[in-house]
Amino acid sequence: MNAIRGITGAIVSLAVAGCAYYSVTGGLPDHIKTVGVDTIVNETVESGVDEMLYRALGDKLVGRPQFRYASSRLADAVIRGTIRNVVDEPFVYSGDRVSEYQIVIVGEAVLYDRLRRRTVWSNNTLRGTGKYDATGGTIAREEAINSAVADFATQTIDGMTSGW
């Protein structure tokens, strides 16, 4: 019984120690007071998706309680990203036909601490998704891309501020 208590105590101690790094303000180091969006690289043939992601990240940074949004030249830390792929995947079939598609934006993002010159957070497996009706045409697809970009941006901001 004492051995079990000892093991349990050790596990609890390790868990608490593992969480000690993270701040209650959201996982960013305390010295980072401003965050901006730096470079978004588009490695796809999907024109403009990099600009859309740049704007979506900026929009999601505004009004965050953990830090202020700033231009990339003045920010303590900056988000950098790469869009590796934009894929239309069949999502729902009606019989032998596709009735709904899913747009998947695949890429990576990093939060670079400009003050300490190091990466604070990174995720190279981000996937933003949006869906559209197969009969919706170009407008429906563009709306799905907007949704996928917004999802990608949300995952980026949530990931860098969660601390877990």
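Start by selecting helix 2, residues 49-61: its 13 residues reach 18 Å from first C-alpha to last, close to the 18 Å expected at 1.5 Å a residue. The expected span here is 1.5 Å times one less than the number of residues, and helices (H or I, at least four residues) and strands (E, at least two) are DSSP runs numbered from the N terminus. Before going on, note that this is a predicted model, in which local features need pLDDT of at least 70 and side-chain atom pairs count only at pLDDT 80 or more, while totals for chains, interfaces and linings use all residues. Residues are numbered from 1 along each chain as its sequence is written, and side-chain values use heavy atoms, with hydrogens and water left out.

**Around helix 2**

Show the side chains of V49, M52, L53, A56, L57, G58 and L61, the buried residues of helix 2. Buried means under 20% relative accessible area, exposed over 50%, and partly exposed in between, with a 1.4 Å probe and protein chains only. An α-helix has 3.6 residues a turn, so residues three or four places apart point the same way. Now display what covers these buried residues: strand 1, strand 2 (68-69), strand 3, strand 4 and helix 3 (137-162) are included, with contact meaning heavy atoms within 4.5 Å. Step just past helix 2 to find G63, which has a positive phi of about 80°.

Walk across from strand 1 (residues 34-42) to strand 3 (residues 77-94): they run parallel, joined by 6 bridges, and V41 is opposite T82. Strand 3 and strand 4 (residues 97-113) run antiparallel with 16 bridges, and here V87 faces V104. These two strands form a hairpin with 2 residues between them, and G95 in the turn has a positive phi of about 70°.

Look for D113 opposite R118. In the loop between strand 4 and strand 5, select R117. Its phi is positive, about 55°, although R117 is not a glycine, and at 66% relative accessibility R117 counts as exposed.

**Rings and charges**

How many aromatic pairs does a search of the whole structure find? It finds 1. Select Y101 and Y132: their ring centres are 5.5 Å apart and their planes at 20°, so the pair is stacked. Rings of Phe, Tyr and Trp (its six-membered ring) pair if their centres lie within 6.5 Å; planes under 30 degrees apart count as stacked, over 60 as edge-to-face and the rest as tilted. Y101 is partly exposed at 25%, whereas Y132 is buried at 10%.

Then try R80, whose charged end sits over the ring of Y112, 4.5 Å from its centre. Likewise, the charged end of K131 sits over the ring of F91, 4.6 Å from its centre. The criterion is NZ of Lys or CZ of Arg within 6 Å of the ring centre and within 35 degrees of the ring normal.

**Last stop: the core**

Finish with V35, I105, L111 and M160, which touch the most other members among the 33 residues of the largest nonpolar core. Helix 3 gives the largest share of this core, 9 residues. Such a core is a set of buried Ala, Val, Leu, Ile, Met, Phe, Trp, Tyr and Cys residues joined through side-chain atoms within 4.5 Å.

Conventions
Pairing = 2+ DSSP bridges.
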